[in-house]
Amino acid sequence: MPGVRQPWIPKFVLATPAALAWPEGAAMAERAAALGTEVVRLKSDRLSGLPDQYRDAKRTFAIVTASPSRRRLQPIPPSADWRFDLAEGCPAHCSYCYLAGSLAGPPIVRAYANLPEILAELPAAVGHGRVTSASSARASEGTTFECSCYTDPLAIEHLTGHLATSIAHFGAWDADVQLRFTTKFDAVGPLLGLRHQGRTRMRFSVNAAGAERHEGGAPRMAQRLAALRAVAQAGYKVGLTVAPILRLPGWQDAYDRLFADVAAALDGVDGVDLTAELITHRFTPKSREVLAKWYPGSALEMDEAVRSRKTTKFGSVKYVFPKEEMTAMRAAIEGSLTRHLAGVRVLYWT
Ligand code: SF4
């Protein structure tokens, strides 16, 4: 069983009065204190005194409440019908981190204490999404709710307990619904015995050898694959989030080996329900600027000159691989994936 890696211990913990009034908030403060971190109990519900420096910000855990606007569900194509947030921010240090372009302010981790209010928003959305709810190919998944858009929830589960609560909540929810999250972490032990009732799909973010050098603070691929095996054995629906797909030296063989390793990890597990989501690397002018500040020594290619510029329907600009390369990569990578993992369902390539 994997999980030898030490859990993240924040150096600074801040808690607002409103958050501490929730049993979930008080429990988070207790868990942080049990790890030896002093919990600063703020006088007001506004977060103050946040560190500006990347290094300290990434070691800061704030226990707060999600406001009504934060609790409002958002569509999240092509992954799921709806997005809801248990937290925002992540303690790992991936030099391509997609949060760089989407979260404002210093990269602290904010965890929401008012989980009952967050979960109470979900029932009104059942049957109303535009991804799985509207797709015949994915109809079997029901209404899907994604909770890892702005965090890696397993990275902080030892502090929040939110995944366990959410998985049990979906397990007890007798409806056509699915909880989904993606993680690069491996501490799945406390989740294995939960009554998930097949209503959670746990996806592991995986990549070819060579990508790990861009993933500081996250467990190695072998640990993630061992965790994938453990949760599949526990009857969870599982998935691969292959992201970000990079033009690594020898990428074709490297991705082929990755899928061979996944097949080996799942060998002998009965009834695996496996999906794959294939996401190529892209960046925006803003994410590139933020990442260059956070990771000045990074070797990650973010060169506009070798990319295609695309304007999204909302008018923002992103840089992706040129079309011919994208086509060649897609054919090779999907080919390897389906050759090694015959039962896999590819949900999308983007
Ligand atoms: Fe960002 Fe995910 Fe890496 Fe965390 S694990 S730093 S959210 S890319």
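Guide: Let's start with a group of three: Tyr 54, Trp 294 and Tyr 295 make up one aromatic cluster. Ring centres within 6.5 Å make a pair among Phe, Tyr and Trp (for Trp, the six-membered ring), called stacked with planes under 30 degrees apart, edge-to-face over 60 and tilted otherwise. Before we go on, remember that this is a predicted model, where local features need pLDDT of at least 70 and side-chain atom pairs pLDDT 80 or more, while totals for chains, interfaces and linings use all residues. Numbering runs from 1 along each chain as its sequence is written, and side-chain values use heavy atoms, without hydrogens or water.

Counted that way, there are 8 aromatic pairs. One of them joins Phe 145 and Phe 170 edge-to-face, with 5.8 Å from centre to centre and 65 degrees between the planes. Phe 145 sits in strand β9 (residues 143-146) and Phe 170 in helix α7, so this pair ties together parts that are 25 residues apart in sequence. Helices and strands here are DSSP runs numbered from the N terminus (H or I, at least four residues, for helices; E, at least two, for strands).

(Buried is under 20% relative accessible area, exposed is over 50%, and partly exposed is in between, using a 1.4 Å probe and protein chains only.)

Phe 145 has another ring partner, Trp 173: the centres are 6.0 Å apart and the planes stand at 35 degrees, so this pair is tilted. It links distant parts of the chain as well, with Phe 145 in strand β9 and Trp 173 in the loop between α7 and β10 (177-183), 28 residues apart. Like Phe 145, Trp 173 is buried.

Now for the ligand. Around it you'll find Cys 90, Ala 92, Cys 94, Tyr 96, Cys 97, Tyr 98, Leu 99 and Lys 184, each with a heavy atom within 4 Å. That shell splits into 7 nonpolar residues, no polar ones and 1 charged. (Nonpolar covers Ala, Val, Leu, Ile, Met, Phe, Trp, Tyr, Cys and Pro; charged covers Asp, Glu, Lys and Arg; the others, including Gly, are polar.)

Two residues elsewhere in the chain touch members of that shell. Take His 214, in the loop between β11 (200-206) and β12 (215-216). His 214 is buried, at 7% relative accessible area. Leaving out residues up to four places away in sequence, His 214 touches His 93, Cys 94, Ser 95, Tyr 96, Leu 246, Ser 298, Ala 299 and Leu 300, where touching means heavy atoms within 4.5 Å. Cys 94 and Tyr 96 in that list are residues around the ligand.

Then there's Asp 152, in the loop between β9 and α6. Asp 152 is buried, with 8% relative accessible area. With residues up to four places away again left out, Asp 152 touches Gly 89, Cys 90, Thr 182, Thr 183, Lys 184 and Phe 185. Asp 261, by contrast, sits 109 residues from Asp 152 in sequence and 23 Å from it in space, C-alpha to C-alpha.

Pro 123 lies in the loop between α5 (115-120) and β9 and is partly exposed, at 44% relative accessibility. Pro 123 and Val 177 are 54 residues apart in sequence, with their C-alpha atoms 9.4 Å apart in space.

Finally, a few backbone details. The peptide bond from Pro 77 to Pro 78 is cis, with omega near 0 degrees, and Pro 78 is in the loop between β4 (74-76) and β5 (80-83). Ala 243 and Pro 244 are also joined by a cis peptide bond, with omega about -15 degrees; Pro 244 belongs to strand β13 (residues 237-245). Gln 197 isn't a glycine, yet its phi is positive, near 55 degrees. You'll find Gln 197 in the loop between β10 and β11, partly exposed at 45% relative accessibility.
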